[in-house]
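Subject: Structure handover

Hi,

Here is the structure I promised, with my notes below it. Please read them with the model open beside you.

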Amino acid sequence: MIDLRSDTVTRPTAAMREAMFSAPVGDDVYGEDPTVNRLEARVAEVLGKEAAIYVPSGCMANQIAVRLHCAPGEEILAERTSHVLLWEGGAPAALSGVTVRPLDGTHGILSLDSLRDALPPDDIHSPQTRLIWLENTHNRGGGTVHPFDAVHAIGQWAEGVGVPMHLDGARLWNAVTATGIPAAAWARPFATVSVCFSKGLGAPVGSALAGTTAQIALARRYRKLFGGAMRQVGFLAAACLYALDRHVARLADDHANARLLADAVSVTPGLTLDPPEVHTNVVWFCVDPNLGTPKSLAAKFKGQGILVAALGHDMVRLVTHLDVSRADCEVVARAIRAIAPAN
Ligand SMILES: *Cc1c(COP(=O)(O)O)cnc(C)c1O
């Protein structure tokens with residue numbers, strides 16, 4: 001099967017398994033797992049922050065950030081189709097008593113104007129905005145890279161109005177590879193940053209949250225509270241360290257493969273790329289009802305050994321990753337073009 005449903009479906013490579021097998025470990029709840037400690041130091045350094053904490057999932061990294069920045073009744077401003085709004089089970093409300101106010105963006109990208117307009121007055125009627133939330137790259141937006149200068153302009157404004165920012169950087173590595181701009185430069189305007197190792201980097205488990213030493217000390221309490229403090233977890237952290245060393249630069253291959261798929265979609269009548277430009281490893285497209293539903297299309301592809309994600313009533317998503325090769329993507333591109341041959 002050529003599995004393009006998500007970049008989370010990868011399996012550890014033989015070399016990654018070797019690194020996991022031989023990792024020195026200890027009880028991380030005591031702070032005694034040398035491999036976890038090494039990963040946390042490494043992540044803090046890469047992101048240019050004082051400290052970082054290893055957590056089981058991207059959702060947990062994000063939800064610890066929510067709890068760090070906000071008290072019950074306070075709010076976060078985020079783009080309408082952000083992961084935190086669509087795909088984290090309502091966790092800000094459930095775990096922290098926090099609302100997330102959805103703002104309109106363009107392919108997941110929020111403008112400074114929309115944020116400026118949304119900031120509530122200092123009034124007892126209004127929930128107080130304690131956090132501005134950006135996602136880069138933006139998953140539902142289409143793997144879009146938030147333009148660097150725009151992120152920094154928002155950061156400057158946010159600093160002026162005294163509202164900290166959090167970056168959901170589950171796929172920040174893709175933005176780094178697509179632009180050549182280092183992770184620390186991307187992270188600079190943000191108080192806290194979450195990153196995932198289990199997406200494009202191909203590690204089996206884990207994410208991290210970076211911030212100040214004081215924030216990360218508090219994050220250790222919340223990680224325990226949320227059930228995410230683990231023991232000899234260096235076996236997993238070793239995979240993340242391996243992925244940071246070996247699997248970031250190769251994301252460029254995933255981006256080239258996604259463009260190949262996008263080109264096939266764009267020449268196929270009845271399929272419409274949305275967004276029309278593919279920046280990284282995520283390809284979303286609309287299916288004209290004449291060609292069937294996303295579900296029927298997904299079933300047809302499955303019969304040809306190709307797995308895609310049918311999402312919503314008219315959308316299909318393809319995500320490239322290190323377990324699909326150029327040759328695999330050429331097979332898929334041919335299958336896409338065969339749906340409705342251009343004449
Ligand atoms: C996948 C994802 C997450 C959550 O990660 P999990 O490890 O699946 O909990 C958060 N944000 C974005 C943008 C994601 O794509």
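Arginine 220 and glutamate 40 form a salt bridge, with their closest N and O atoms 2.9 Å apart. (A salt bridge here is a side-chain nitrogen of Lys or Arg within 4 Å of a carboxyl oxygen of Asp or Glu.) The pair links distant parts of the chain: arginine 220 sits in helix α11, glutamate 40 in helix α2, and 180 residues separate them. Glutamate 40 is buried, at 8% relative accessible area. Arginine 220 is partly exposed, at 32%. (Buried means under 20% relative accessible area, exposed over 50%, and partly exposed in between, with a 1.4 Å probe and protein chains only.)

Before you go on, note that this is a predicted model: local features need pLDDT of at least 70, side-chain atom pairs count only at pLDDT 80 or more, and totals for chains, interfaces and linings use all residues. Residues are numbered from 1 along each chain as its sequence is written, and side-chain values use heavy atoms, with hydrogens and water left out.

The structure holds 12 salt bridges. Another one joins the side chains of aspartate 27 and arginine 231, at 3.2 Å from N to O. Aspartate 27 lies in the loop between α1 (14–21) and α2 (34–47), and arginine 231 in the loop between α11 (213–225) and α12 (234–246), so this pair ties together parts that are 204 residues apart in sequence. (Helices, H or I with at least four residues, and strands, E with at least two, are DSSP runs numbered from the N terminus.) Aspartate 27 is buried, at 15%. Arginine 231 is partly exposed, at 40%.

Arginine 80 and aspartate 104 also meet through their side chains, at 2.6 Å from N to O. Arginine 80 is in the loop between β3 (75–79) and α4 (83–86); aspartate 104 is in the loop between β4 (99–103) and α6 (112–118), so the pair ties together parts 24 residues apart in sequence. Arginine 80 is partly exposed, at 40%. Aspartate 104 is exposed, at 54%.

The ligand

Which residues are closest to the ligand? They are Gly58, Cys59, Asp168, Arg171 and Lys199, out of 13 residues that surround it. (A residue is near a molecule if one of its heavy atoms lies within 4 Å of it.) A backbone N or O atom of glycine 58 lies 2.8 Å from an oxygen atom of the ligand. A polar backbone atom of cysteine 59 is also 2.8 Å from a ligand oxygen. Aspartate 168 uses its side chain: an N or O atom there is 2.6 Å from a nitrogen atom of the ligand.

Strand β8

All 5 of the 5 residues of β8 (residues 207–211) are buried, so the strand is largely enclosed by the rest of the structure. Both faces are covered, with Ser207, Leu209 and Gly211 on one side and Ala208 and Ala210 on the other. Strand β2 (residues 51–55) runs antiparallel to β8 and is joined to it by 5 bridges. (Two strands pair if DSSP finds at least two bridges between them.) Alanine 51 has glycine 211 of β8 as its bridge partner. Strand β7 (residues 192–196) pairs with β8 over 4 bridges, again antiparallel. There, serine 194 stands opposite leucine 209.

The four-stranded sheet

An open sheet of 4 strands runs in the order β9-β10-β13-β12, with antiparallel pairing. β9 (271–273) and β12 (309–311) stand at the edges with a single partner strand each, so one side of each has no neighbour in the sheet. Strands β10 (residues 282–287) and β13 (residues 315–319) are joined by 5 bridges. Valine 283 has leucine 318 in β13 as its bridge partner.

Proline 164

Where is proline 164? Its place is in the loop between α8 (148–161) and β6 (165–169). Proline 164 is partly exposed, at 31%. Leucine 131 is 33 residues away in sequence, yet its C-alpha is 5.3 Å from that of proline 164. Leaving out residues up to four places away in sequence, proline 164 touches His69, Arg130, Leu131, Ile132 and Ala191. (Contact means heavy atoms within 4.5 Å.)

Best wishes

Note on methods: A polar contact is a pair of N or O atoms within 3.5 Å; within protein, one must be able to donate a hydrogen and the other to accept it, and residues adjacent in sequence count only if both atoms are side-chain atoms.
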